[in-house]
Amino acid sequence: RDRLQAATTDKSECHLYEDLVAEATELVAKTPSGYKMKIAETFVSRNFTPLGLKPPTVNHLLKRANSSPGERPRPQGGPFWTREEEEQVRIFVEELRARKLFVSPHLVLAYADALVPETDERRRQLGEHGFTRGVWPGLAARVGIETGTSQNLDTIRARWATSVNYRRWYENIFQDLVKERLAEPNPEYDPQNPRAHPRLRWLRPEAIASGDETDMSLGAKPGKSKKERGVFLESIIDNRDVVQTKVGKKISWLYGRTGTGKMLPPFVVYGGTVNIKPEWASDEIFTDVRDQNGVVIPAMWRANPAGSVDSDMFREYVTGII
């Protein structure tokens, strides 16, 4: 796998196979009679097998060495694009995936279509709508790309959510609560019967806050929706992580309650802008948390291009409100 990955850094597996066949037939053609079969067998064992590529038969190489030595085999049915154009398609996908961007099959086909000039004779083979999805399987196989769903957050969480990690997280929370004198160990707690009594006894429940951030974007669909299939490299290094698959302006909302049940002032973040318009913010969201003077703390309104709470905003929310 490592050798195959190194050999396909600048070309697809299909194009690598074509290059090896061309090199083998040229070498066999130059070999004196009586040694051709041995040279072909040696070439296959040293070049195809170590990379895990399905090797051509020795007889196939011998026939091609007689008929078309040094020429790359033409895929069944024949590609519409030239090899150079297909390599441009591969580079296009590589550059986008290197930045963790979502790539749709439609985008790849549109780019491949743009590579063929309007005055090119090949345009006569196309209809008024250009390429269709029928050319996709062959193009994807030759270029070295495939379709699939992107890596989502739930999968990453599931990989992290082990009993050891959870235990460590709870122990850290336990120690921090005791250290800050927000709670104390409960002397009635029995490790042999952990469900009989809680492990902690709260001293300042009003100082404990729990919250979560959720997407409140307009047009969001309820429930789980089927993820759009994107284009990814067949390479081992493409783990299908995507920076963001959603489009449009996002709006997120951070909300929660204290340990005594009081509602925290909501934190609303608008996306696609850096400024809050006056008509966006409102004091109509009533909360239960008051400042030292007994005045109800209003909701917090901010904006950034991503439309989600960043570290600076969260620090401002915690120190200014919580």
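This is a predicted model: local features need pLDDT of at least 70, side-chain atom pairs count only at pLDDT 80 or more; totals for chains, interfaces and linings use all residues.
Helix α4 itself spans residues 58-67, and its buried residues are V58, L61, L62, R64 and A65. Because these residues cover an arc of only 165° around the axis, they lie on the same side of α4, whereas K63, N66 and S67 are exposed on the other side of the helix. An α-helix has 3.6 residues a turn, so residues three or four places apart point the same way.

## Nonpolar cores

The largest nonpolar core holds 19 residues, and the members that touch the most others within it are V93, V108, W136, I145 and V231. Two or more residues of this core come from each of the elements α5 (83-98), α6 (105-114), α7 (136-143) and β5 (230-233). Apart from this core lies another, made of 15 residues, among them V21, A40, L51 and L53.

For V108, once its neighbours within four places in sequence are left aside, the residues in contact are V89, V93, V103, W136, I145 and V231.

## The chain as a whole

The chain contains 10 helices and 8 strands, and of its 322 residues 33% are buried. Where contacts join residues at least 6 apart in sequence, 66% of them link residues at least 24 apart. The accessible surface of the chain amounts to about 21400 Å², with 52% of this area belonging to carbon and sulfur atoms.

How values were computed. Residues are numbered from 1 along each chain as its sequence is written. Side-chain values use heavy atoms; hydrogens and water are left out. A nonpolar core is a set of buried Ala, Val, Leu, Ile, Met, Phe, Trp, Tyr and Cys residues joined through side-chain atoms within 4.5 Å. Buried means under 20% relative accessible area, exposed over 50%, partly exposed in between (1.4 Å probe, protein chains only). Helices (H or I, at least four residues) and strands (E, at least two) are DSSP runs, numbered from the N terminus. Contact means heavy atoms within 4.5 Å. Accessible areas come from the Shrake-Rupley method with a 1.4 Å probe; for residues, only the protein chains shown count as cover. The arc is that of the directions from the helix axis to the C-beta atoms.
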